[in-house]
Amino acid sequence: MASVPVIPDSYNHVLAELECLDPLLSALRLDSSRLKCTCIDVSKRWLALGSSGGGLNLIQKDGWKQRLFLTHKEGAISQVACCLHDEDYVAVATSQGLVVVWELNQERRGKPERIYVSSEHKGRKVTALCWDTAALRVFVGDHVGKVSAIKINTSKQGKAAATFVMFPVQIITTVDSRVVQLDYLDGRLLISSLTRTYLCDTEREKFWKIGNKERDGEFGACFFPVGKNSGNQQPLIYCARPGSRMWEVNFDGEVQSTHQFKQLLSSPPLPVVTLRQDPDYTGSSCSPQSLSFSKLLYLTEHCVVTWTERGIYIFLPQSLQVLLWSEVKDIQDIAVHKSELFCLHTNGKVVHLSLLLVDRCIERLMRRGFWTLAARVSCLFQNSIVSCRARKNLPLDKLEHLKSQLDASTQQDLTAQLEELIAKLEPLDSACSSRRSSISSHESFSVLDSGIYRVISRRGSQSDEDSCSLHSQTFSEDERLKEFPAHHEDEQLELENVSHASVVVEADRNETFLPFSIPLSFRSPSPLVSLQAVKESVSSFVRKTTEKIGTLHISPESRGKHEAKDDEQLPELTLNPVASPQEEKESEPQNCQLPEEDHMRDLKAATAEAIAKLQDPLVLLEPQSMRRVLQEWLVRLEEKFSQEHSALSLKKNKTVCAENQRAVVEENLQMAPADRDPVDKEQSGILEDCIAKENTETCASKSMCENGTDVTGPLGCGFQVSPPCTIEPDVLKDLMELTTLCFELRVFSAGSAEAEESSEGNLPPAASGTLACRFMQSYFFLLDLKRVKQCIITTCATSPNIWETYIAGLKEITCHSPVALAMESEDMLKILKLLHDLGPWADSPLLLAHAQRLYEKFGETALRTLIKFHPSILPSDIKQLCRNDPAHFLAYLDSLVKSKPEDKRPFLLRSLLQPESVRLDWLCLAVSHDAPQRANTVDEEGNPRPRSHLFTWGYSQLILLLIKLPADFVMKEKMADICKSHGFWPGYLFLCLELDRRIEAFANIVYLDDLSLLNGEDGSIPETIEEWKFVLHLAQNHSTASHQHSPQNGNAVSNGGPSCPDCITVENVALLLAKAIGPNRALPLLQECGLTLELSERFTGVCEILRIAEKRQRALIQSMLERCDRFLWSQQA
């Protein structure tokens, strides 16, 4: 076999293309010769692709599932920039030089809209776009060196921030040549042109030239943020220089040093890991590269990335190192976010690369089933894998598993190279050699960082008859078992980034890694066998003693009842032989490791098969097909855990003789303590463990009884809140995914007509709720509690027993927590402090159990204190807790909203309205509690009573916040109907104006008889002549009798006559008209309506005063204009 070049161990990073974007471009039709991608940008949420046809495609990176398409008639898209601190905004530059700023309205669920179009650079080529990192401001640079800033003002900023901006476009500067790159950080703008780099303080409007030497060509520059742990250290700046050099500059624009990378770039390029071709590494050095870096981009982990027409280069400038460089041809532009690189090629294609550690890359390839590529990368980077850190994330058993997935007949060379790598990972010292000689040749070793040796059995080996004595082992089986969980924790660090919302199945799911404790045919007898014999002898002794005690001490009546119970439990007893609770507890650990493995293997296979079926689009898009798959899988799950449920039933029946058994055990433990041999001591230790476990479970059962909750399941057992046996983490994850999916799709039992009716929704709510409760009790340890809670809130609101069962399960989990123990004796403040000290809770559902206990003990007062635990506890959770008393929920919601500053309350309330339909529920609650009587606000005809809008409403602030939040047309109409029916007229008037029902609003204002609603700051004044005529006629028809007999509400004054200054009369409305349009236009309109006879001398006097004020105002304006004109002419001269 020819030797293959190996990459040096100094390179431990690689660029990997783990997913191909060609299908995405094809779906967007950006792969044709007529239409192609012209620019690219990326943020945390979006991938933005501009096209030559003027369209901007926004693709959601999470699953590439959501797409927005923004069209531009101003030409092709030349530049695009996503706002990183508010991803609802995108800036686009077109080929005509126009810059368009879009507001996507994703939070409001509205359509994207253009909020500003700048023509400052029209007719020029925009070469750079950059967003401010804090404010809504876009910096624009063009090919002649002009740099401008566009200040964006939107309604999203609120009234406090929405100040009037007279000049939204500001010219920053004009540099001497084309702008190559813009970057912004902490109030400083970095401008890189063809000749030099400029630093601009945008707040104080100061400029600095960086360095004294000019350059000629495209050279980039970027800010280099410091880490969080760097104290008061300021950010750095790196500027590209000719000859593969960089300037390191401080934040004040002073050059600190020059870094030379020319000689470092003589190393050979590293291959890009991709499915398009096999990775290739020559190993031969190339000549030093003298390059011009056209752009510099900050990448995660203190890296700077750049590119040329030859490849991609990633530097560690602070340590003067080249992290890697790889040959990638014809790159036009690169957009980066954290460790992701999106490369736009000159032909319009887009490639998604990720900067990964080598071991992480291999792990991801194995997880996706790319075994051959993973093996090739492992062989190329074997020097890096041999290092301690790589061995920690890529242990020997994973490489063994990788080798077993290769085809030995067609991939002999690759298999041999992988075997060489595995051989390098085995310990080479003398101690390991002596240990290897005493063990079967089919086993190998790896050394953990802690110094523990781990034995790994090779796959495909034949059985070995050589035995290994107990004394030849250097450590016991229990010590090996302690080592394995630490190994799985490292694997879970990577798995935490995998979304739980998607179901992913690997090609090797059936080939799970076997723990060392599972006996294999070629392994020597384990010390656990000897320990098991001791356990069996102890269990036999306890069982015989228990039978004698039961025969001697049980009374005839108790014996008859006990026999009757045994007869009732006969079907369950046939599944489990009679045994004492101690024996059952001793057998549980063994069942988890020895006999349970056969059953778990069947369940694993069924689980992998079910997940594979669910990935089929024909099944995934058809709920009934998904339910059938889940019902078939549920049969296997019930078969696996039925014995555990039966054992729990037996344990419940035998708690009567638990005290007698403990007495016998303690009597035997006290016999001849000094004369016991080691076997006797081990037996006594096992018996003591039995007593401790028995006491723990008895305490748990007592707490369940004290809570008074009916937790009996379908098999007569309580909540199963923990796995009955040890389950591997990856298997447990898949089981939880499928079990939770069963609950969400209402698949509660398998293979019965009742199950089919339940899944199809044909069962009555009560019967379906009972099945759901039993399902939760049986498989509580396999449920994703967060998803189950959300499912109950959204789909099971009509079945309160389901929520009660869910809370009972959470209480069962937390029954021994310090909070539960302190609930009986401590006061509320101490309990709240204890809850706070146990945090942070994040979004843990277990906090709900403590909240329920607090509410049951202290009532509404406890709910108001729970606002400090938001968002761990949401209003939807509180609504479920106090569903029998909605007023308590309303008090909590009002306290939560008022706990925030006024400018942040709308944003908080908006985030809580999930789903949007709860807004109507909350609004109905708010207008129906602590509100005036409907008879006082609405008359017999349904019209407002005069001055009834001045009544005090207990939750008026909350109501107005709910009403004024953005909503669609239908939602606003429903809210208007609710406000009208309950007589909340301020909200009704606001919604009428929002819905453009102005005539209806003016009619109700006249009924309310308050002129301030037309003339005040929050009022609405008529805008057209027709509206003025309508209001005047309403005022004329308004009976003066209603003024005389109307009640006095709030701070209202008497409505006794037309002379009342704030009542709606013809004269008051006429004066308002004269102020709005002027007296000269108002009088003809009043004559047309025939209302001049109803006007008094007061109206005439006010009109004269208005005429005089209007003349003086015109004269003042004329004088100011003349002065401005003279001043401008003097300046020009």
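Predicted model: local features only at pLDDT ≥ 70, side-chain atom pairs only at ≥ 80, totals over all residues.
Let's start with the whole chain. It has 1133 residues, and 49% of them are buried. There are 42 helices and 31 strands. Now the contacts. Take those between residues at least 6 apart in sequence: 61% of them join residues at least 24 apart. The accessible surface of the chain is about 55,400 Å². Carbon and sulfur atoms account for 51% of that surface.

Next, helix 3. This helix runs over residues 371–380. Eight of its ten residues are buried, so the helix is largely enclosed by the rest of the structure. Which residues of helix 3 are buried? They are W371, L373, A374, A375, V377, S378, C379 and L380. And what do they pack against? One partner is a strand, strand 22, at 273–274. The others are helix 2 (358–367), helix 4 (382–386), helix 6 (396–404) and helix 7 (412–425).

Now move along to the helix pair. Helix 21 covers residues 765–778, and helix 23 covers residues 800–813. Their axes lie 9 Å apart, at an angle of about 10 degrees. Angles under 35 degrees count as roughly parallel, so helix 21 is roughly parallel to helix 23.

Who meets whom there? From helix 21 come G769, T770, A772, C773, M776 and Q777. From helix 23 come N801, I802, T805 and Y806. How do the residues of this contact divide into nonpolar, polar and charged? Five are nonpolar, five are polar, and none is charged.

Notes: Residues numbered from 1 in each chain as written. Heavy atoms only, no water. Buried < 20%, exposed > 50% of the residue type's maximum accessible area, 1.4 Å probe, protein only. Helix = DSSP H or I, 4+ residues; strand = E, 2+ residues; numbered from the N terminus. Contact = heavy atoms within 4.5 Å. Areas by Shrake-Rupley, 256 points an atom, 1.4 Å probe, with all protein chains shown as cover. Axes fitted to C-alpha atoms, helices over the stretch in contact; angles between N-to-C directions. Parallel < 35°, antiparallel > 145°, perpendicular 65-115°, else oblique. Nonpolar A, V, L, I, M, F, W, Y, C, P; charged D, E, K, R; others polar.
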